[in-house]
Amino acid sequence: MKNSFFIGGVAILLIIFVMACNNYVAMVSPTDPSVLLPPGQVFLPDTPLPVDSAKSDVSETDTVILPDDVILILPKLCVTGKGSDIPCNCVVDAHVKLLTSKKEILLFGKSTVSTTELLETGGQVMLTILYNGDTLQMMEGKNFTLKIPTKRTKTDHTKMRFYKEDAQTTWAELGALAGSTPEYYTITSNQLDTWLSPAYVYSEASSTVQISLQISGEGPALSQVRLFVIPSNIHSVVSTTQINGVFIPVSHLPLDEEATLIALAKTGETLWLGRQNISLQSSLQVPMEFTSVTQKELDEILSQL
């Protein structure tokens with residue numbers, strides 16, 4: 001693809017494949033970012049998507065270079081839906097969502113957790129293909145391949161395993177991540193409309209942590225707050241569950257590790273942000289002040305994580 005784009009640090013790539021037996025035109029189209037948010041998520045900056053386009057040939061397996069040097073490989077006529085094959089002279093919409101930075105993962109309300117184990121991630125990616133608004137599946141025996149540049153996360157490709165999301169904040173291991181190199185994490189799968197990730201268990205994460213916030217000044221009620229733990233030296237984002245006013249991270253965490261607490265809330269049209277640098281301990285009481293921020297300010301602050 002000749003031009004690239006980036007939405008508030010979240011790479012959401014929309015490619016329209018026009019299949020005409022031997023060729024198609026791929027077009028990147030604008031969309032309303034609110035439709036891409038998981039339930040309850042309100043923090044993604046409302047930035048309009050630019051338009052880009054490219055041409056390619058799918059008479060054989062096709063390789064498309066996407067923005068940010070992501071590579072998508074699709075076999076010829078590889079999708080099916082509603083019990084029958086899709087005709088070759090149809091328009092198919094392919095949506096690729098890629099989250100690699102801590103900011104992106106946090107803004108989409110994701111975590112990097114397998115059961116109670118902390119994962120270090122190489123990114124999170126989803127490919128969705130639709131025909132006339134209906135979600136399609138890969139045909140039996142057909143797989144797509146996505147290659148994600150390792151330079152975006154700088155985690156060790158030799159440790160990576162293959163995970164898929166089985167709940168809003170939990171990932172299940174599928175096995176080895178075959179075909180990765182020092183330059184690319186390589187995901188080969190037939191699972192469309194599913195979040196997939198190269199990741200590995202961070203072995204030093206060993207303890208449960210409980211966090212109590214002591215809120216002062218103007219701001220949201222404690223019940224409205226979503227709290228995230230962002231380790232400083234691990235490429236991970238950990239959400240928390242609030243029980244009786246105490247926030248409990250959804251994975252074990254390494255004690256004495258430096259981290260940043262990010263507290264987010266929205267009351268009416270006001271976005272609230274609280275942040276505090278901490279050293280992880282089994283029990284923490286953390287003073288927290290909130291400030292109101294615009295979506296642009298929030299995006300700029302989270303880019304520093």
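## Basis

This is a predicted model, in which local features need pLDDT of at least 70, side-chain atom pairs count only at pLDDT 80 or more, and totals for chains, interfaces and linings use all residues. Residues are numbered from 1 along each chain as its sequence is written, and side-chain values use heavy atoms, leaving out hydrogens and water.

## The aromatic pair

Rings of Phe, Tyr and Trp (its six-membered ring) pair if their centres lie within 6.5 Å; planes under 30 degrees apart are stacked, over 60 edge-to-face, and the rest tilted. The count comes to 1 aromatic pair. Phe 108 and Trp 195 have ring centres 6.3 Å apart and planes at 70°, so the pair is edge-to-face.

The pair links distant parts of the chain, 87 residues apart. Phe 108 sits in the loop between α1 (102-107) and β9 (113-114). Trp 195 sits in the loop between β17 (184-189) and β18 (196-201). Helices (H or I, at least four residues) and strands (E, at least two) are DSSP runs, numbered from the N terminus.

Phe 108 is buried, at 1% relative accessibility. Trp 195 is buried too, at 7%. Buried means under 20% relative accessible area, exposed over 50%, and partly exposed in between (1.4 Å probe, protein chains only).

## Positive phi

Asp 193 lies in the loop between β17 and β18. Its phi is near 60°, a positive value in a residue other than glycine. Asp 193 is partly exposed, at 40% relative accessibility.

Asn 244 belongs to the loop between β21 (238-243) and β22 (246-249). Phi of Asn 244 is also positive, near 50°. At 78% relative accessibility, Asn 244 is exposed.
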